[in-house]
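Hello,

Here is the structure I promised to pass on to you. Have a look at it first, and then read on below for what turned up in it.

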Amino acid sequence: MNKRQICRGVHWLGAIDWNRRLFDSLIPLPDGTSYNAYLIQGSEKVALIDTVDPAKLELLKEQLADVEKIDYAVAQHAEQDHSGALPWLLQSYPQCKVLCSSKAKDLLLDHLEINPQRIVVVTDGESLSLGDKTLQFHYTPWVHWPETLVTHLIEDRILFTCDFFGSHWATDNLYAGNDPRVCEAAKRYFAEIMLPFRKTIQANLKKVRSLSFDYIAPSHGPVFDQPECILSSYEIWASECLANKVLIPYISMHGSTEIMVNHLVSGLSRSGISVLPFELTTTDIGKLAIELVDATTIIIGTPTVNLGPHPQVSYAVSLANILRPKLKFAAIIGSYGWGSKVVDQISGMIPNLTVEVLGAVLCKGVPRETTFAELDGLIELIRQRHADLFSE
Ligand code: FEO
């Protein structure tokens, strides 16, 4: 992909990673991703905002082949998918200085081979003139590491935001327009990257709202040329708003746990509650993460494997724990062969979830009448708790 003009003196550079299917060796990417960099050529100075993942360095080299000077490399975030090409950039442009937040300086030195003399710390609110263009830096910590900042190109009314408002979506569209697929990809991104830091993100959103811009240019996914949609979506996702929704991530080895899940799905649906089962051997764990953004209740369904939960259930529970969703209620269900400690073990895996545990329904072997009666009791308890939250 060649560099593309956004406006006079401002170009998109970077790489569209169509084939990447896993991020941080953790997050599924069904639609690939991109690493965006932005070249700002003022009348006197030139700045490059972010770089690319080192795996795509050759593309950046080609795009910069005719760029004779870069005075500043703005490192909005130290994670390597954006900073990884800095060592090459500094070698290729000997006059170039890296501009970053105070916390980013340490992180860049930890993660990359960079001469500390080449790094200049910018303060929150500081402005930098490129001649006829002005960059202003605003600290926005925890999107997604503690050092992150955004850059406001004042004259052209563009806000560069790195991970903030990013989406893992490989597309040759430079702009998001009003394509609903971007919102879905951005919500997946928010769930996996931003959800644990939503309190800080609420503060950052207020800060961003105080700036005047027409475009949001993140470093993953397309540029938002109608930014109100992503701004208001973030305000909802980062808020404490909940949906009248129950999630049931589960595994069933011999069918008994699945029978219990199906009973819950029918009963909760009849109660007017939205219920989403996720069979964990086939589900895209990113879809579970998306639903965790506003789910009220989680019911963990697991068979017992040598007294403990199935390992894939443990993985999903650990993921939910590190994402720190807004969940209010939890329960555990499942079947076992001869003995089980799944309730104790799962309870010990969710210290970050401030949930009321509504109970556990375990059955030895196949579920029978008593099991279904216990499940009906759990359905009624969930119905009451949700009614307290959602009825006006
Ligand atoms: Fe896209 Fe936190 O890096």
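Glu228 is partly exposed, at a relative accessible area of 43%; in this email, buried means under 20% relative accessible area, exposed means over 50%, and partly exposed is in between (1.4 Å probe, protein chains only). Before going further, please keep in mind that this is a predicted model, where local features need pLDDT of at least 70, side-chain atom pairs count only at pLDDT 80 or more, and totals for chains, interfaces and linings use all residues. Residues are numbered from 1 along each chain as its sequence is written, and side-chain values use heavy atoms, with hydrogens and water left out.

Back to Glu228: its side chain meets that of Arg209 in a salt bridge, 2.7 Å from N to O. By salt bridge I mean a side-chain nitrogen of Lys or Arg within 4 Å of a carboxyl oxygen of Asp or Glu. This pair links distant parts of the chain, with Glu228 in helix α7 (residues 228–238) and Arg209 in helix α6 (residues 198–209), 19 residues apart. Helices (H or I, at least four residues) and strands (E, at least two) are DSSP runs, numbered from the N terminus.

Arg209, which is partly exposed at 33% relative accessibility, also forms a salt bridge with Glu235, and here the closest N and O atoms are 2.8 Å apart. Since Arg209 lies in helix α6 and Glu235 in helix α7, the pair ties together parts that are 26 residues apart in sequence. Glu235 is partly exposed too, with a relative accessible area of 32%.

A further salt bridge joins Arg385 and Glu356, with 2.7 Å between the closest N and O atoms. Again the pair links distant parts of the chain: Arg385 is in helix α12 (residues 369–390) and Glu356 in strand β21 (residues 356–364), 29 residues apart. Both count as partly exposed, Arg385 at 23% and Glu356 at 33%. Salt bridges that share partners also join Arg198, Lys199 and Glu240 into one network. The structure holds 19 salt bridges.

Helix α7 has a buried side as well. Ile230, Leu231, Ser233, Tyr234, Trp237 and Ala238 are its buried residues. Seen down the helix axis, they fall within an arc of 165°, so they line one face of α7; the arc is that of the directions from the helix axis to the C-beta atoms. These buried residues pack against α5, α6 and β14 (215–218), where contact means heavy atoms within 4.5 Å.

Now for the interior. In soluble globular proteins, nonpolar side chains tend to be buried together. A nonpolar core here is a set of buried Ala, Val, Leu, Ile, Met, Phe, Trp, Tyr and Cys residues joined through side-chain atoms within 4.5 Å. The largest one has 88 residues, and Leu64, Ile70, Leu89, Leu108, Phe165 and Tyr234 touch the most other members. Helix α5 (residues 180–194) gives this core its largest share, 8 residues. Apart from it lies another core of 25 residues, including Ile16, Val74, Leu130 and Phe137. Beyond its neighbours within four places in sequence, Ile70 is in contact with Leu39, Val46, Leu48, Leu64, Leu89, Tyr93, Gln95 and Cys96.

Phe165 has another feature to look at: its phi is positive, about 70°, although it is not a glycine. Phe165 lies in the loop between β13 (158–162) and α5 and is buried, with a relative accessible area of 0%. Trp142, in the loop between β11 and β12, likewise has a positive phi, near 70°, but counts as partly exposed at 34% relative accessibility. The peptide bond from Val143 to His144 is cis, with omega near 20°, and His144 lies in the loop between β11 (134–139) and β12 (149–153).

Phe23, in strand β3 (residues 22–23), is buried at 3% relative accessible area. Setting aside neighbours within four places in sequence, Phe23 is in contact with Leu29, Tyr35, Asp81, His168 and His220.

Finally, the overall picture. The chain has 12 helices and 21 strands, and 56% of its 392 residues count as buried. The C-alpha trace spans about 80 × 45 × 35 Å along its principal axes.

Best wishes
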